[in-house]
Amino acid sequence: MAALRERVRALLHGDHLLGRALDRLEAKSGLKREHLAAGSACSVGVYLVFGYGASLLCNLIGFVYPAYTSIKAIESPDKRDDTIWLTYWVVYGLFSVVEFFSDIFLFWFPFYYIGKCAFLLWCMAPFSWNGSQILYTRFIRPFFLKHHGTVDSVVSDLGGQALSTAESVTRGVLQTLASSQARLTPEEGTPALPSSSHGKQQ
């Protein structure tokens, strides 16, 4: 428990976006950043239960900060943070697919969005045993290593079929256009229609 408190304290006092925002709020309000963080968390939790647009807020929490930090990771020379955030996005993508099918049954639970938000925060938490690392190591990676050959074969077959279908459709469209153009073009040697007279002969 003491180690967790130290990690939370390091998160609140770190030199990053959250830490700098808390620096400014602490200087303006005179309140400790721990109290500010706890009050903000409680406010967000209450809003996720009773507020309008809780789904949007939850999705923003799970997307905006990870996207910002991922861009910083791409631009940094250290590639270890790239792996960390790639792992998060793999878990986030699988979670989004599962949620697409289960959301219709779960969204009306009053604490659904709080649980979803807590899960996403756990997945992006800045320590080695966060949710994305645990889920990837214990479930996603073993499944991938066991079945990636089959998945690659299926993807290759689907890609070949899609390419063949696209070529067939393109060939059919070009043939249709060519035949239509041939029907619209008058045959060579066909006499032209006489032009209409604009006035009666005297």
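User: In which helix is Asp82 found?
Analyst: This is a predicted model, where local features need pLDDT of at least 70, side-chain atom pairs count only at pLDDT 80 or more, and totals for chains, interfaces and linings use all residues. Residues are numbered from 1 along each chain as its sequence is written, and side-chain values use heavy atoms, with hydrogens and water left out. Helices are DSSP runs of H or I with at least four residues, strands are E runs of at least two, and both are numbered from the N terminus. Asp82 is found in helix H5.

User: Is Asp82 buried or exposed?
Analyst: Buried means under 20% relative accessible area, exposed means over 50%, and partly exposed lies in between, with a 1.4 Å probe and protein chains only. Asp82 has a relative accessible area of 17%, so Asp82 is buried.

User: Which residues does Asp82 touch, not counting residues up to four places away in sequence?
Analyst: Contact means heavy atoms within 4.5 Å. With that exclusion, Asp82 touches Ala73 and Ile74.

User: How are H5 and H6 oriented to each other?
Analyst: Axes are lines fitted to C-alpha atoms, for helices over the stretch in contact, and angles run from 0 to 180 degrees between N-to-C directions. The axes of H5 (residues 80-106) and H6 (residues 112-124) come within 10 Å and cross at roughly 165°. Angles under 35 degrees count as roughly parallel, over 145 as roughly antiparallel, 65 to 115 as roughly perpendicular and the rest as oblique. H5 is therefore roughly antiparallel to H6.

User: How are H3 and H4 set to each other?
Analyst: The axes of H3 (residues 33-50) and H4 (residues 54-75) come within 8 Å and cross at roughly 135°. Val44, Tyr47 and Leu48 in H3 meet Ala54, Leu57, Cys58 and Ile61 in H4. H3 and H4 are therefore oblique to each other.

User: Which element has the lowest mean pLDDT?
Analyst: pLDDT is the predictor's confidence in each residue, from 0 to 100. The protein has a mean pLDDT of 79. Among its elements, H6 has the highest mean, 89, and the lowest, 66, belongs to helix H1.
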